[in-house]
Amino acid sequence: MIIKKSELETIAVKPQQYPPDDRPEIAFAGRSNVGKSSLLNLITGRKALARVSGAPGKTRTINFYNINDTFRIVDLPGYGYAKVSKSVSENWGEMMETYFKQRKGLLKVVQLVDIRHAPSAQDIQMYEYLRHYNLDGIVAATKADKVSRNEMFKYMGVIRKTLNLSQEDKIIPVSSLKKTGGDELLAVMEELLNPKG
Ligand SMILES: Nc1nc2c(ncn2[C@@H]2O[C@H](COP(=O)(O)OP(=O)(O)O)[C@@H](O)[C@H]2O)c(=O)[nH]1
Ligand SMILES: [Mg+2]
């Protein structure tokens, strides 16, 4: 799949602000600073579709991107930023639940984890959450350029074990810096959108 067109369609915090539920959506979730905006820029081939942030934790919105006028990529707010207040984190949980529960077009959520670290308690919780809603199965291991090839396989094993992934679940190592892994992720997304049967 090639993304020829990508544009921010809607920024929402509540369902009344979501775009119509008329197209398939693939969402992206992960801890603040995991490299989500950078990865979205990589796969869309845009320099700054999603804002790459030096100060994590600011965005508390669900951002809907129109892709090729056929589906949407949905950028979910990052979690795990230490400095947010309790009310902000509670609000985050509510936002996620509301979106996951009612969104009929939502196919899957790509879970991002940093390849260098074992998934955090919050990553595990997030993944359990996805599993509960049957939105799990695709993990992108970010910042793969920071580890050697040998380490890469070792760390992918740690991620697989820590998130308790099943055999069919995919882990895709990606590096937005080196521009690797994007095509593999796009192929997985394509298969989601157009299952070969
Ligand atoms: N080395 C390396 N750094 C990255 C990569 N992707 C993102 N970063 C850095 O990680 C920080 C957070 O990136 P960002 O995309 O804003 O993460 P987000 O908060 O998850 O959206 C920034 O300083 C990026 O430059 C990557 O593939 N490799
Ligand atoms: Mg971001």
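**Notebook: strands, core and ligand shell**

I began with strand E2 (residues 25–30), which runs parallel to strand E5 (residues 106–114) and is joined to it by six bridges. Helices (H or I, at least four residues) and strands (E, at least two) are DSSP runs, numbered from the N terminus. I looked up Glu25 and found Leu106 as its bridge partner in E5.

This is a predicted model, where local features need pLDDT of at least 70 and side-chain atom pairs count only at pLDDT 80 or more, while totals for chains, interfaces and linings use all residues. Residues are numbered from 1 along each chain as its sequence is written, and chains are lettered from A and ligands numbered from 1 in the order in which they are written.

Next I traced the sheet. It is open, with seven strands in the order E1-E3-E4-E2-E5-E6-E7 and mixed pairing. Two strands pair if DSSP finds at least two bridges between them. Strand E1 (6–12) and strand E7 (170–173) are the edges, each pairing on one side only.

Then I checked the core. The largest nonpolar core has 44 residues. Such a core is a set of buried Ala, Val, Leu, Ile, Met, Phe, Trp, Tyr and Cys residues joined through C-beta atoms within 7 Å; buried means 20 or more other C-beta atoms within 10 Å of a residue's own, with C-beta atoms placed from the backbone. Ala27, Phe28, Leu112, Ala140 and Ala141 have the most contacts inside it. E5 gives the most to this core, five residues.

Last, I turned to ligand 1. Of the 20 residues around it, Gly35, Lys36, Ser37, Ser38 and Leu177 come nearest. I noted that a residue is near a molecule if its C-beta atom, placed from the backbone, lies within 6 Å of it. Helix H1 (residues 36–44) gives the largest share of this shell, three residues.

Notes. A residue is buried if 20 or more other C-beta atoms lie within 10 Å of its own, exposed if 12 or fewer, and partly exposed in between; C-beta atoms are placed from the backbone.
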